[in-house]
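Hi,

Here is the structure I promised to pass on. Have a look at it first, and then read on for what turned up when I went through it.

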Amino acid sequence: MMDIRLEDKIIDPACGTGGFLTEAFLSLVRGIPEEKAAQARTWAHRQVYGVDKDSINVKLTRAIMVGLGDGSVNIHIGDSIREDRWAKDYRHLQQPLSDESFTVVITNPPFGKNLKVSKTDSRRNNYTIAEAASRKAGEYVDLEIGLVFLERAHRLLMKGGRLGIVLPETYFFSPTYKWLPKWLEDRFILRGVLNIPMEAFQGFCRAKTNFYVFEKK
């Protein structure tokens with residue numbers, strides 16, 4: 001669905017143990033002639049990025065990518081949401097995560113009612129999605145981190161870039177989030193929705209999720 005190509009530069013800003021990044025690499029390898037396999041390794045080395053707050057996840061992702069043929073060099077530890085902390089705590093993220101520098105963002109961010117970005121953090125980092133959720137200009141609310149990742153992805157993407165993201169279905173159908181379509185309409189075109197069975201995350205939560213594919217306007 002993401003149609004990963006050699007010219008793409010991709011990132012998972014909540015990469016966990018690198019599942020999406022490894023599958024992106026494998027899908028590329030399967031889709032190109034064998035004589036171009038070296039190009040795929042070069043691509044992984046230069047064009048594949050990942051960020052996670054958990055140091056063990058970062059180490060595992062790097063190890064897996066090395067096993068596949070590299071792509072480990074641009075896997076970073078850090079907080080991809082709280083940009084105001086980068087200069088002090090994650091200086092290594094400032095250049096790699098510059099705005100409008102990726103053609104693909106693909107991610108399964110953490111989600112849940114208790115996993116939120118505070119209104120203070122949203123204000124500091126100018127997350128307009130938290131302002132839209134408040135429905136009052138200039139006011140921000142504590143907002144689920146999965147929704148904030150929508151805006152982080154929008155910033156990372158070039159115009160015409162593709163976002164693939166796993167999100168709870170309730171964000172798109174519940175009256176609680178009736179403000180969200182308007183926020184999305186100004187920024188993304190919906191290109192596809194893939195149903196994910198509830199059993200997929202049964203060990204962690206009971207949320208019904210889908211994989212949404214957007215194109216940045």
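A residue counts as buried when its relative accessible area is under 20%, and as exposed when that area is over 50%; anything in between is partly exposed. Keep in mind that this is a predicted model.

With that cut-off in hand, start with helix 7, which is mostly covered: twelve of its twelve residues are buried. The helix takes in residues 145-156 and reaches 16 Å from its first C-alpha to its last, close to the 16 Å expected at 1.5 Å a residue. The buried residues include I145, V148, F149 and R152.

E83 and R152 form a salt bridge, with the closest N and O atoms 3.0 Å apart. Because E83 sits in the loop between strand 3 and helix 4 while R152 belongs to helix 7, this pair ties together parts that are 69 residues apart in sequence. E83 itself is partly exposed, at 31% relative accessible area.

How many salt bridges are there in the whole structure? The search finds 16. Another one of them joins the side chains of R162 and D8, at 2.8 Å from N to O. R162 is in strand 7 (residues 157-168) and D8 is in the segment before strand 1 (10-12), so here the parts tied together are 154 residues apart in sequence. R162 has 15% relative accessibility and therefore counts as buried; D8 is buried as well, with a relative accessible area of 2%.

Then there is K53, which forms a salt bridge with D79, the closest N and O atoms being 4.0 Å apart. This pair links distant parts of the chain, 26 residues apart: K53 is in the loop between strand 2 (48-52) and helix 3, and D79 is in the loop between strand 3 (75-77) and helix 4 (86-89). Through shared partners, salt bridges join K53, D79, R82, R85, D89, D121 and R124 into one network.

Now for the rings. The count of aromatic pairs comes to six. One of these pairs is Y212 with F214, which is stacked, at 6.3 Å centre to centre and 20° between the planes. Y212 counts as buried at 3% relative accessibility, and F214 counts as buried at 3% too.

Leaving out residues up to four places away in sequence, L143 touches L115, K116, V117, I129, A130, A133, V148 and W179. V148 in that list is one of the buried residues of helix 7. As for W179, its C-alpha atom is separated from that of L143 by 13 Å, and the two residues are 36 apart along the chain.

Last, the surface. I56, L60 and I64 form a nonpolar patch there, with about 270 Å² of accessible area together. I56 is in helix 3 (residues 55-68), and its relative accessible area of 55% is why it counts as exposed.

Happy to go through any of this with you.

Cheers

Methods. Residues are numbered from 1 along each chain as its sequence is written. This is a predicted model: local features need pLDDT of at least 70, side-chain atom pairs count only at pLDDT 80 or more; totals for chains, interfaces and linings use all residues. Side-chain values use heavy atoms; hydrogens and water are left out. Helices (H or I, at least four residues) and strands (E, at least two) are DSSP runs, numbered from the N terminus. The expected span of a helix is 1.5 Å times one less than its number of residues. Buried means under 20% relative accessible area, exposed over 50%, partly exposed in between (1.4 Å probe, protein chains only). Patches are made of residues with over 30% relative accessible area and no salt bridge: like charges are joined within 9 Å, nonpolar side chains (Val, Leu, Ile, Met, Phe, Trp, Tyr) within 5 Å. Accessible areas come from the Shrake-Rupley method with a 1.4 Å probe; for residues, only the protein chains shown count as cover. Contact means heavy atoms within 4.5 Å. Rings of Phe, Tyr and Trp (its six-membered ring) pair if their centres lie within 6.5 Å; planes under 30 degrees apart count as stacked, over 60 as edge-to-face and the rest as tilted.
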